[in-house]
Amino acid sequence: MGAKRELKFALEKFWKGDISEQDLLNVAGSVEKEAWALQSNIDHVTVGDHYLYDNVLSWTEFLGLFPKRFQNCKAGLPRMFAMARGIDGSPALSMKKWITSNYHYMVPEVGEYSMT
């Protein structure tokens, strides 16, 4: 999320409509670049740990496995955030706590879904 939670604050601004999608992606890129720089002088680096919101949700969108109630949403960030937050007439996916951690993830819905 960044040393000073820059990505969290950018997400909130994006959801309020205060910044554009490109501005959000610029902040995300900056945070990712900073994370890579911090790891550049160690023996092992992490892979696949940079997500805008939730890794399970990102893969749900990436694979196109979204519930039919979100089929009219624009693919990519608009649909991913609609699944995370809900939109008029379409409630968000539910959240589940990961074992005993404080991490919560969006639960994909198995069953009828749309694929694009």
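In this predicted model, Glu 109 and Arg 69 form a salt bridge in which the closest N and O atoms are 2.7 Å apart. Glu 109 belongs to the loop between strand 3 (104–106) and strand 4 (113–114), while Arg 69 belongs to the loop between strand 1 (66–67) and helix 4, so the bridge ties together parts that are 40 residues apart in sequence. Glu 109 is partly exposed, at 30% relative accessibility, and Arg 69 is likewise partly exposed, at 29%.

The whole structure holds three salt bridges. Another of them joins the side chains of Arg 79 and Glu 61, with a distance of 2.7 Å from N to O. This pair also links distant parts of the chain, since Arg 79 lies in helix 4 and Glu 61 in helix 3, 18 residues apart. For Glu 61 the relative accessibility is 10%, and the residue counts as buried because the limit is under 20%. Beyond its neighbours within four places in sequence, Glu 61 is in contact with Ala 75, Gly 76, Arg 79, Met 80 and Met 83.

A further salt bridge connects Glu 12 with Lys 8, whose closest N and O atoms are 2.5 Å apart. Both residues lie in helix 1, four residues apart, and are therefore separated by about one helical turn. In general, an α-helix has 3.6 residues a turn, so residues three or four places apart point the same way. Glu 12 is partly exposed, with a relative accessible area of 30%, and Lys 8 is partly exposed at 27%.

Helix 1 (residues 6–16) also contributes buried residues, namely Leu 7, Ala 10, Leu 11 and Phe 14. Viewed down the helix axis, these buried residues fall within an arc of 105°, so they line one face of helix 1. Their cover includes helix 2 (21–39) and helix 4 (77–85). On either side of the helix, the backbone deserves attention. Arg 5, in the segment before helix 1, has a phi near 60°, a positive value in a residue other than glycine. Gly 17 follows helix 1 and has a positive phi, near 85°.

The aromatic residues form three pairs. In one of them, the rings of Phe 14 and Phe 81 have centres 5.8 Å apart and planes at 55°, so the pair is tilted. Phe 14 lies in helix 1 and Phe 81 in helix 4, 67 residues apart, and the pair thus links distant parts of the chain. Phe 81 is buried, with a relative accessible area of 5%. Ring pairs join Phe 14, Trp 15 and Phe 81 into a cluster.

The rings of Trp 59 and Phe 62 have centres 4.9 Å apart and planes at 85°, so this pair is edge-to-face. Both residues lie in helix 3, three residues apart, about one turn of the helix. Trp 59 is partly exposed, with a relative accessible area of 43%, whereas Phe 62 is exposed, at 62%. Together with Leu 63, Trp 59 and Phe 62 form a nonpolar patch on the surface, with about 360 Å² of accessible area. Helix 3 (residues 55–62) contains Trp 59, and Glu 61, whose burial was described above, lies in helix 3 as well.

Technical notes: Residues are numbered from 1 along each chain as its sequence is written. This is a predicted model: local features need pLDDT of at least 70, side-chain atom pairs count only at pLDDT 80 or more; totals for chains, interfaces and linings use all residues. Side-chain values use heavy atoms; hydrogens and water are left out. Patches are made of residues with over 30% relative accessible area and no salt bridge: like charges are joined within 9 Å, nonpolar side chains (Val, Leu, Ile, Met, Phe, Trp, Tyr) within 5 Å. Accessible areas come from the Shrake-Rupley method with a 1.4 Å probe; for residues, only the protein chains shown count as cover. A salt bridge is a side-chain nitrogen of Lys or Arg within 4 Å of a carboxyl oxygen of Asp or Glu. Helices (H or I, at least four residues) and strands (E, at least two) are DSSP runs, numbered from the N terminus. Buried means under 20% relative accessible area, exposed over 50%, partly exposed in between (1.4 Å probe, protein chains only). The arc is that of the directions from the helix axis to the C-beta atoms. Contact means heavy atoms within 4.5 Å. Rings of Phe, Tyr and Trp (its six-membered ring) pair if their centres lie within 6.5 Å; planes under 30 degrees apart count as stacked, over 60 as edge-to-face and the rest as tilted.
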